[in-house]
Amino acid sequence: MAFDSFSEFLNMGGYGFYVWLSYGFTALLLVLLTLNSKGKDKRIFKQINKRLKREEKLKQVAKRNAKQDT
Amino acid sequence: MWKWLHPYANPEVSYHFTGKLIPWFAVISAILLTVGLGMGLLFSPADYQQGESVRLFYLHVPAAMLSMGLYLGMAIAGLTALVWQMKLAESSIAALAPVGATFTAIALLTGAAWGKPMWGAWWVWDARLTSELILLFLYFGVMALQNAFEDKALAGKAASILALVGVINLPIIHYSVEWWNTLHQGATVSKFEKPSMSIDMLRPFLISLFGFAFLAGTLVCMRFRADIIERNSMRPWVKALAKEHN
């Protein structure tokens, strides 16, 4: 162990602000990127499903119109 | 080798293959990052000149190495997309660019937070810092080009060309500390001689490096899969998958 106490660990020999700022920034950016990447395929599947539903509706309307014409 | 590679040119096969990789990569990355950064923060010795601030090394250097490594991967994908007209290579570029840009941003931010106490300035227009900033803009350029065209094929081609041309920046970044008089120090690890650091620092560094690399792999696979289904959204196999997600 390189530190004797927790407060010494936080202090980082006087460089605490810079060290924890960097670790914080890194964690923040990577968490945001992970959340964005993880949800990306679900968002696209949602879009595809929306489009499929719309196409299905259009098909039914077309079918109904065709029936009325005959 | 071509016979072995050929099935992976099929988007559906690649989609399922990368899906199997993700949980493994994620777990390996979590273990390596916990061990590597834990060792780096708690057990590695302080530097005789830089004191405890040397613990930034375990973030800054892996991020900087990955920012360049991911760019190289993206440039190779660009070449593949242009020469062999492979759509999956364009998906790789789309997946690699945001991840590479994030690691570049981390390298720049942690570098600034390290520069302030060591050099007395958050930022200097030194060759290493400037060329790394250009790398960030190259990533942004590739991402912007990909979204700038309605036509996906044209967008992929434009992004591939920029990714490929930008590769000239990589040797400039690497050798910037030798070619110019920089405030940034020279290479510690990535050189042909023995790394000039103690094994007690090298060990946590290497573990963190692989941890970050596996994290990058996880994220790239996730984005690669999303890009595949977006490009193939008219295919029956994607429609079937979409119904499962309803």
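**A note on the A–B pair and its nonpolar patch**

1. A:Phe25, A:Leu28, A:Leu32 and B:Leu109 together make a nonpolar surface patch of about 340 Å². Patch members have over 30% relative accessible area and no salt bridge, with nonpolar side chains (Val, Leu, Ile, Met, Phe, Trp, Tyr) joined within 5 Å and like charges within 9 Å. Areas come from the Shrake-Rupley method with a 1.4 Å probe, and for residues only the protein chains shown count as cover.

2. Please keep in mind that this is a predicted model, where local features need pLDDT of at least 70, side-chain atom pairs count only at pLDDT 80 or more, and totals for chains, interfaces and linings use all residues. Side-chain values use heavy atoms, leaving out hydrogens and water.

3. Helix H2 of chain A (residues 16–69) gives the most to this patch, with 3 residues. Helices here are DSSP runs (H or I, at least four residues), numbered from the N terminus. A:Phe25 sits in that helix and counts as partly exposed because its relative accessibility is 34% (between the limits of under 20% for buried and over 50% for exposed, 1.4 Å probe, protein chains only).

4. Now to the interface: chain A brings 32 residues to the contact and chain B 45 (heavy atoms within 4.5 Å). In chain A, A:Tyr18, A:Tyr23 and A:Phe45 lose the most area to chain B, together 19% of what that side buries. H2(A) supplies the largest share of chain A's side, 25 residues.

5. How many salt bridges does the rule find across the interface of chain A and chain B? It finds 0 (a side-chain nitrogen of Lys or Arg within 4 Å of a carboxyl oxygen of Asp or Glu).

How values were computed
Residues numbered from 1 in each chain as written. Chains lettered and ligands numbered in written order. Helix = DSSP H or I, 4+ residues; strand = E, 2+ residues; numbered from the N terminus. Buried area = accessible area lost by both parts, 1.4 Å probe.
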